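Colleague: Could you walk me through how to read helix packing in a model like this one?

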Amino acid sequence: MASSKWLTLPPFIPTLVKVKNGNQVSSPSSITALKWVTRCCPHLPKTLVHKLFRLRQVRTQPPNHTSFKRLSPKDTLNSGDLIFLPHSVKQTPPPPSHPTHKHNHNHKHHSHSNPPLTDKQINFIRSLLIYKDAALLVLNKPPGLPVQGGINIKHSLDVLAAASLNYDYSEPPRLVHRLDRDCSGILVMARTHTSATILHSIFRDKTSTASHNIATDKTILQRRYWAMVIGCPRRPTGLVTASLGKVVVDNGKSDRITVVDKSTFMSSQHAVTEYKVIGSSSNGYTWLELSPLTGRKHQLRVHCAEVLGTPIVGDYKYGWQAHKKWGLFEDEEDSSEELLKEEAETLLPFGLNMKKGSICEKRPRLHLHCKQIVLPNICESLQNVESDSSRSCDLLGVESLELVAALPPYMQTSWEFTNS
């Protein structure tokens, strides 16, 4: 095979991770070709990845074969399998010395559609960094910045991080979990393929074992969010266990997550959230600490709105009626235009405005912030693996990393207002 024509991705290798009670959790024993390409090449636009599959330019080489075999997105890889991509995709990521020519779907037209990041933009992304070691980066994600790209999304944090947070690494940082666009707070990114696999295992295992190990599983991964809600739960502390499912609304134009009956809704997902009241105010707002024991889409927002009956302030998707009843927003179109105008006038890069949107204003923004994450020190455990040549990574014998992210300014304003 002509090596100059093909770019070889790292082989797929499941990683063993020791968790509570000495059990071992491994990443899946197989993975789809699409998932592996996306995970190994987070800098490649999804549209380009799908195009490569569509044009049948994604290949593998079966053991003891000299010829290539074409892969479809749903083909599964087993341990040790290699994927080959056209060498031309290497032109898509930037060279390490020029990390700004990054996020263009068509690299022939950099200067027109996606200009390089400015020094101010790069410095802003780097200012979000709250922790860095050899295995991972931790950011305090600003509200309003999407974590991943998509339709009508000009800037996403995965692309921006790849353009400004490589530091001395040849590969860009990888996402290992998600935050909603309007949610702020702690976002963990892996710096290497190995640490990404381990972190994926930790976040996935947290969700899969939550229904069985509510009391004991906490030592592996803890996430604590702060949310300001309308009203107050009936009890000051509690555990919400309500399955979630996706329903289509507006004649198929959009969808939303809702609480569903697990016995009648085939594609329901088990979802568990711990909550406790951490502050309440005379004007009817309550501050909650929310600990998701599973990681479902919009889990905290739906559990607050539909189960506790206390929608999160600024959550107009799931708490529109409550906001309307409390007179918390003006006519939606007018206020949206006004908000866009205010954001355009802000000094922060990427059109972000973290000061506007407190409870003191007519149209507050989403008050949901990932305040703290406690997870095993992956860097320390990987160093232990290197020193004793073990194939498994013991996450119990290492110290925990405790990461805390400050509230965005508008939520801090609301906190001070309700506690004054």
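Modeller: Happy to! Please keep in mind that this is a predicted model.

Colleague: Noted. How many helices and strands does the chain have?

Modeller: The secondary structure comes to 11 helices and 21 strands. Of the 420 residues, 48% count as buried. Among contacts with a separation of 6 or more, 67% are between residues 24 or more positions apart.

Colleague: And what describes two packed helices?

Modeller: The general idea is that a packed pair is described by the angle between the two axes and by the distance between those axes. Take helix α1 (residues 33-40) and helix α2 (residues 46-54): they pack at about 140°, and their axes are 11 Å apart. That angle makes α1 oblique to α2. Their crossing is right-handed.

Colleague: Which residues of α1 and α2 meet?

Modeller: From α1 come Ala33, Leu34, Val37 and Thr38, and they meet Val49, His50 and Phe53 of α2. Sorted by class, this contact has 5 nonpolar residues, 2 polar ones and no charged ones.

Colleague: How do I read which way the residues of a helix point?

Modeller: Start from the helical repeat: an α-helix has 3.6 residues a turn, so residues three or four places apart point the same way. Now the case here: Ala33, Trp36, Val37 and Cys40 are the ones to look at in α1, as they are buried. Viewed down the axis of α1, its buried residues fall within an arc of 100°, so they line one face of the helix.

Colleague: Which residues of α4 are buried, and which are exposed on its other side?

Modeller: Gln121, Ile122, Phe124 and Ile125 are the buried residues of α4. Seen down the helix axis, they fall within an arc of 160°, so they line one face of α4. Asp119, Lys120 and Ser127, on the other side of α4, are exposed. As for partners, the buried residues of α4 pack against β9 (129-132) and α5.

Colleague: How many residues of α5 are buried?

Modeller: In α5, 8 of the 8 residues are buried, so this helix is largely enclosed by the rest of the structure. You can follow them along the helix: Leu157, Asp158, Val159, Leu160, Ala161, Ala162, Ala163 and Ser164. Their cover includes α4, along with β10 (136-141), β11 (174-175) and β12 (184-190).

Colleague: One last stop, on a strand. Is isoleucine 230 buried or exposed?

Modeller: Isoleucine 230 is found in strand β13 (residues 222-230). Isoleucine 230 has 3% relative accessibility, so it counts as buried.

Colleague: And how far apart are the C-alpha atoms of isoleucine 230 and cysteine 304?

Modeller: Those C-alpha atoms are separated by 9.6 Å, while isoleucine 230 and cysteine 304 are 74 residues apart along the chain.

How values were computed: Residues are numbered from 1 along each chain as its sequence is written. This is a predicted model: local features need pLDDT of at least 70, side-chain atom pairs count only at pLDDT 80 or more; totals for chains, interfaces and linings use all residues. Side-chain values use heavy atoms; hydrogens and water are left out. Axes are lines fitted to C-alpha atoms, for helices over the stretch in contact, and angles run from 0 to 180 degrees between N-to-C directions. Helices (H or I, at least four residues) and strands (E, at least two) are DSSP runs, numbered from the N terminus. Angles under 35 degrees count as roughly parallel, over 145 as roughly antiparallel, 65 to 115 as roughly perpendicular and the rest as oblique. A crossing is left-handed if the near helix is turned anticlockwise from the far one by less than a right angle, and right-handed if clockwise. Contact means heavy atoms within 4.5 Å. Ala, Val, Leu, Ile, Met, Phe, Trp, Tyr, Cys and Pro count as nonpolar, Asp, Glu, Lys and Arg as charged, and the others, Gly among them, as polar. Buried means under 20% relative accessible area, exposed over 50%, partly exposed in between (1.4 Å probe, protein chains only). The arc is that of the directions from the helix axis to the C-beta atoms.
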